[in-house]
There are 2 protein chains.
Amino acid sequence: MMLRLIIKQTVMNTAKRGRPPKQARSFDDTKDALLLAGMAILTERGFNTVGIDHILKRVGVPKGSFYHYFKNKDDFGLQVIQHYDQYFCAKLRRCFNSDPEHPVNGLKLFIDEAVEGMEKYRFTRGCLIGNFGQEMPILSETFKHPLADCLQHWTDLLADNLKQAQALGHIAASANCDEQAEFFWIGWEGAILSAKVMQSELPMRKFAKGFLAQLISTEHAH
Amino acid sequence: MMLRLIIKQTVMNTAKRGRPPKQARSFDDTKDALLLAGMAILTERGFNTVGIDHILKRVGVPKGSFYHYFKNKDDFGLQVIQHYDQYFCAKLRRCFNSDPEHPVNGLKLFIDEAVEGMEKYRFTRGCLIGNFGQEMPILSETFKHPLADCLQHWTDLLADNLKQAQALGHIAASANCDEQAEFFWIGWEGAILSAKVMQSELPMRKFAKGFLAQLISTEHAH
DNA sequence: ATTATTATAGACCGCTCGTCTATAAATCAA
DNA sequence: TTGATTTATAGACGAGCGGTCTATAATAAT
């Protein structure tokens with residue numbers, strides 16, 4: 001039976017329980033493939049405007065698979081948000097730790113990468129949380145906390161980074177790092193949105209420039 | 001026949017050409033009523049997620065009327081944007097001219113009114129342009145310029161206001177008012193979005209505070 | 001009067017949505 | 001080995017969408 005199992009598995013797939021797909025697939029974790037595609041598609045097109053069929057067609061699985069892994073569309077959306085939060089926090093940690101001697105460079109790296117990403121997808125992919133946020137009024141209540149949590153996670157990570165910069169004397173001792181971090185993410189969401197409207201990196205660059213200028217400035221209005 | 005005309009008209013309506021509505025309406029300009037409802041509904045729910053039927057039901061007119069006044073849904077959306085731009089620019093002019101001796105107070109008034117408006121609708125109504133902007137990737141190309149134009153109009157109005165404040169010595173002579181105005185609207189879009197996510201006025205207040213702090217600050221980095 | 005214009009009324013079609021039921025293979029229990 | 005269970009894919013289904021269409025009813029023009 002060991003032999004039989006080996007024969008059954010394709011190059012990419014290991015034999016699995018359940019009804020096998022009609023045609024071989026390029027992945028072996030259907031749920032993960034759906035979440036990955038969901039992140040990309042929902043980041044580009046939002047939640048309510050995207051049909052499940054759209055995601056299914058991209059991944060190449062039938063509808064039944066979707067409803068096997070997810071209770072409903074909301075459940076899927078929530079799990080996509082969770083995946084995105086993990087992905088994004090990991091990205092932030094990597095950027096913020098990239099230059100421990102100059103923590104502010106970590107933020108600059110993040111900004112540069114964000115600009116690169118926006119250009120790569122020609123300003124069609126913004127921020128998943130921003131998309132969901134814009135749709136808040138028509139989303140189920142269950143989305144409220146997960147979305148707010150994401151912003152809080154990012155704020156915490158950035159505040160930490162700024163405090164490190166402050167300890168090194170790179171930003172004014174009088175600066176309130178928590179407030180600065182909140183200010184950054186509030187504005188950054190607008191920068192992504194504006195970049196989509198203008199189809200240009202300029203809003204991102206302009207916001208970053210303004211934020212960094214007042215951050216580095218040693219004098220602050222009381 | 002003069003008498004007959006007077007008899008025919010209801011309290012609110014004047015006699016008009018064309019087939020009369022089955023039941024009397026509370027408005028006499030159907031197109032305007034559709035645009036007004038469109039502004040409110042699209043500001044709350046976005047463009048692609050809202051069906052024409054939704055707007056028709058709110059206004060109480062049949063589909064035939066919609067397609068009499070608008071070529072298609074895109075045409076409607078574009079005209080709603082145009083209306084919103086006029087409404088919003090008028091609001092800005094009123095606020096910015098409210099205290100000519102202290103132009104910065106005009107911006108503060110705008111911010112206060114925006115917070116009031118967000119609270120009034122319990123953070124369900126944000127910015128129409130922000131909503132459309134978030135949907136850019138799935139909108140027809142025809143939306144691109146009108147949306148960007150709105151942001152430009154607002155930037156021009158704010159830049160003017162800031163220049164007046166600068167002339168009065170209320171903000172630093174070294175400040176670049178055009179850049180400051182751009183910075184404000186970029187970030188403000190994010191503040192509205194964040195307020196929707198958090199269902200709180202705090203993001204708007206925090207962004208406003210940060211923006212005004214660096215604006216008023218007399219010292220600017222190099 | 002007759003025709004043209006304006007505007008409302010709502011049926012209809014093709015398409016897509018989210019849900020649901022059926023099917024097929026692997027595994028487990030006896 | 002065989003039947004029940006679990007896992008996963010397959011696709012049918014009804015509801016609702018946007019947009020078009022024809023029909024209708026009033027005024028205005030000739």
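The turns below treat this predicted model.

Student: By what turn can chain B be laid on chain A?

Tutor: The shift along the axis is 0.1 Å. The RMSD is 0.2 Å. That is the relation of a two-fold axis. The turn is 180°.

Student: What share of the interface residues of chain B are also interface residues in chain A?

Tutor: The copies meet through the same surface.

Student: How many disulfides does the structure hold over all chains?

Tutor: A disulfide needs two cysteine sulfurs within 2.5 Å. The sulfur of A:Cys177 has its closest cysteine sulfur in A:Cys95, 18 Å away, so that pair is too far for a bond. In chain B, the sulfur of B:Cys177 is also 18 Å from its closest cysteine sulfur, in B:Cys95, again too far. Over all chains, the count is zero.

Student: Is A:Cys177 buried or exposed?

Tutor: Buried means under 20% relative accessible area. A:Cys177 has 4% relative accessibility, so A:Cys177 counts as buried.

Student: Which residues does A:Lys63 touch, leaving out those up to four places away in sequence?

Tutor: A:Lys63 lies in helix 4 of chain A, residues 63–69. Its relative accessible area is 43%, so A:Lys63 is partly exposed. The residues touched are A:Asp53 and A:Leu56.

Student: How far apart in space are A:Lys63 and A:Leu158, C-alpha to C-alpha?

Tutor: In sequence, A:Lys63 and A:Leu158 are 95 residues apart. In space, their C-alpha separation is 40 Å.

Definitions and conventions: Residues numbered from 1 in each chain as written. Chains lettered and ligands numbered in written order. Predicted model: local features only at pLDDT ≥ 70, side-chain atom pairs only at ≥ 80, totals over all residues. Heavy atoms only, no water. Least-squares fit on C-alpha atoms with pLDDT ≥ 70 in both. Contact = heavy atoms within 4.5 Å. Buried < 20%, exposed > 50% of the residue type's maximum accessible area, 1.4 Å probe, protein only. Helix = DSSP H or I, 4+ residues; strand = E, 2+ residues; numbered from the N terminus.
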